[in-house]
Amino acid sequence: EKLYNGLESTMTWRLKEISKSIEAAQGGLFLEELNAKWMDHNKALQMIRDILMYMDRTYVPTSHRTPVHELGLNLWRDHIIHYPMIHGRLLDTLLDLIHRERMGEVINRGLMRSITKMLMDLGPAVYQDDFEKPFLEVSASFYSGESQEFIECCDCGNYLKKAERRLNEEMERVSHYLDAGSEAKITSVVEKEMIANHMHRLVHMENSGLVNMLIDDKYEDLGRMYTLFRRVPDGLSTIRDMMTSYLRETGKHLVTDPERLKDPVEFVQCLLNEKDKHDKIINVAFGNDKTFQNALNSSFEFFINLNNRSPEFISLYVDDKLRKGLKGATEEDVEGILDKVMMLFRYLQEKDVFEKYYKQHLAKRLLSGKTVSDDAERSMIVKLKTECGYQFTSKLEGMFTDMKTSQDTMQDFYAKKSEELGDGPTLDVHILTTGSWPTQPSPPCSLPPEILAVCEKFRGYYLGTHSGRRLTWQTNMGTADIKATFGKSQKHELNVSTYQMCVLMLFNTSDGLSYKDIEQATEIPSTDLKRCLQSLACVKGKNVLRKEPMSKDISEDDTFYFNDKFTSKLVKVKIGTVVAAKESEPEKQETRQRVEEDRKPQIEAAIVRIMKSRRVLDHNSIVSEVTKQLQARFLPNPVIIKKRIESLIEREFLERDKADRKLYRYLA
């Protein structure tokens, strides 16, 4: 005991001497002196511990005293570190050195490391209370001031660079001379002061904030923003919300801009370009973050459906690509374009409207032989089938089957009847199954006698081979090739529609005919006839007829003459009918009506399916269940659902509950 007490008092006396010499050290020598004395003290402690090992092992545990080495550390803490003349000065010196390093000066990191290690060796509490807490407070006020200064003078990109640099510096500082446990605490201070407190201002910064970065494809700045904002609470949601509102705003402008709507193909291309652009940003800058991908998808779905012509335009885009746009493209390119279209298709709420238009456009492509490749056509149908199921594409597949069957039928017809037909006109018939093709009933026109004869022979052959079928000629959908001889015996082959052929053949027997004469002789519906005459007489370079008086439009008092003076560099001249690529207003209304009509049975079928399994259900539940079942094809309107329920009650599929009018019961 005497030895232990003697050791304690001797050490205490010695440390008081040391504290005076440390206190006397001036300026930069203060830390050097402290460090040197600490090294000496540690060496002395080790020797004393080795000499007094016996006491340390026997006396100390039994009398519950502090072990020798620990006693030495505690005395150093109390008489040196906590000595009033050293304590405050030590903290100020350390903080001042760190501040100078932050301002770009080079300091002695080795010495700093030794001092902070000494504080840790004296116990984590000493390091935390005597250094770490004040260090974090001073850092917070330093960064608060600096961030304020930066945000006033920098644009968003530069500010983020500075914030990133400061974060990296602090992490490096920890690795060089602070305790590893301080890293999370100091980075959190920098994040709060430099990022979290200025988040909204940075994102909305004029001319350089998030929107400008998105517009100018600044991948590096966006990536930096994502990485930094990710470190703070609500950081990513701030970027995401801002991106979503920007996308919705620009998208809304895009789909409602009347200039854009003039060219459907360009319209869809713009949508695809926007999607590609933002996909790349999410991929490159936002680490392909799923939540950003979802935000992008929901924005596209929002604005594509603001324009009810989107389904028609997407179908026209595919039509354009499959007619001519993909010529010479590799299989991968074709697949790539079709996949992109399918991505837009997924956003559509009215998939059934797309199907209607797609069917019309596909029919025109198949019948005019204008499709670039059958493989691409089939690939598109497979994609639609995968997306929407067999029901969606069964009729489209039926159209392909009809084309194949028609080829075989024509081969057989000519094999069996070639002698009967002699040198008459050659006929190529497409036999279309009524349900599969989007045909509109149109009154047949009067065909020229030489054509009618061949048609009758074919009818006889076909009905003889297939009993129980009816054939109706769709003269509004056909085409013809006619040979014509003009003045100076110039010969041309004209590629025309069936209607145009009927008109032109009249001029074999007469030079001039009035509009009324032509209408009587051909029985072509007047809107079609006007279009047809317009394309034959008013289109420069295709005007095989002459009209008097000369004007752009056709009136019922016009007279038409065979144009002897017609010339063309081409032997084959294709005369298109003047048609609008997009539908006219009445046609649009008609398509819309047909879509609405087609929806009724689907809504009714869904109601019956639901009621059959549930037996009794209230009105709101039926509406939500029906919407859920049908949303893959279209979003049913609750008002229409109500009407369909009424209709089913009238037809006794359902009844209203006697007590509660909101409840419906299923009647088997």
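1. Asn207 and its loop. In this predicted model, Asn207 sits in the loop between helix H10 (199-203) and H11. Its phi is positive, about 65°, although Asn207 is not a glycine. Most residues other than glycine have a negative phi. Asn207 is also exposed, with a relative accessible area of 66%.

2. Arg615 is a residue other than glycine, and its phi is near 70°. Arg615 lies in the loop between H25 and strand S7 (616-618). With a relative accessible area of 44%, Arg615 is partly exposed.

3. Domain layout. The protein is divided into domain 1 (1-210), domain 2 (219-400), domain 3 (401-465), domain 4 (479-574) and domain 5 (585-666). Between the C-alpha centres of domain 3 and domain 5 the distance is 43 Å.

4. The second largest pocket. This pocket holds about 1,400 Å³ of space. Its lining has 44 residues, and the closest to the pocket centre are Asp428, Val429, His430, Trp473 and Gln474. H21 gives the most, with six residues. By type, the lining of the second largest pocket divides into 21 nonpolar, 17 polar and six charged residues.

5. Where that pocket lies. Why is the second largest pocket placed between domain 3 (401-465) and domain 4 (479-574)? Both domains give residues to its lining, so the pocket lies between them.

6. Salt bridges overall. Side chains of opposite charge can pair when their charged atoms come close. A search of the whole structure finds 52 salt bridges.

7. Lys117 and Asp121 form a salt bridge, with an N to O distance of 3.3 Å. Both residues belong to helix H6 (residues 109-121) and are four residues apart, about one turn of the helix. An α-helix has 3.6 residues a turn, so residues three or four places apart point the same way. Lys117 counts as partly exposed because its relative accessibility is 49%. Asp121 counts as partly exposed too, at 37% relative accessibility.

8. In the salt bridge between Lys277 and Asp217, the closest N and O atoms are 2.8 Å apart. Lys277 is in helix H14 (residues 264-284). Asp217 is in the loop between helix H11 (210-215) and helix H12 (219-229). The two residues are 60 residues apart, and their pairing links distant parts of the chain. At 29% relative accessibility, Asp217 counts as partly exposed.

9. A buried pair. Buried or exposed: which describes Glu604 and Arg644? Both are buried. Their side chains meet in a salt bridge at 2.9 Å, N to O. Glu604 lies in helix H25 (residues 585-614) and Arg644 in helix H27 (residues 638-650), so the pair ties together parts that are 40 residues apart in sequence.

10. Helix H17. This helix (residues 331-347) has 17 residues. From its first C-alpha to its last, H17 reaches 25 Å, close to the 24 Å expected at 1.5 Å a residue. Its buried residues include Val334, Leu338, Val341 and Met342. Met343, Leu344, Phe345 and Tyr347 of H17 are buried as well.

11. Two long separations. Leu91 is placed in helix H5 (residues 84-102). Leu91 counts as buried because its relative accessibility is 19%, and the cut-off for buried is under 20%. Arg546, in turn, is found in strand S4 (residues 545-548). At 36% relative accessibility, Arg546 counts as partly exposed. Arg546 and Asp657 are 111 residues apart along the chain, and their C-alpha atoms are separated by 72 Å.

Definitions and conventions
Residues are numbered from 1 along each chain as its sequence is written. This is a predicted model: local features need pLDDT of at least 70, side-chain atom pairs count only at pLDDT 80 or more; totals for chains, interfaces and linings use all residues. Side-chain values use heavy atoms; hydrogens and water are left out. On a 1 Å grid over the protein atoms alone, a cavity is a set of points where a 1.4 Å probe fits but cannot get out, and a pocket is an open set with protein on both sides within 12 Å along at least five of seven lines; lining residues have an atom within 4 Å of a point. Grid points are joined across faces, edges and corners, and a volume is the space filled by probe spheres set on the points. Ala, Val, Leu, Ile, Met, Phe, Trp, Tyr, Cys and Pro count as nonpolar, Asp, Glu, Lys and Arg as charged, and the others, Gly among them, as polar. Domain bounds come from an automatic or database domain assignment. A salt bridge is a side-chain nitrogen of Lys or Arg within 4 Å of a carboxyl oxygen of Asp or Glu. Buried means under 20% relative accessible area, exposed over 50%, partly exposed in between (1.4 Å probe, protein chains only). The expected span of a helix is 1.5 Å times one less than its number of residues.
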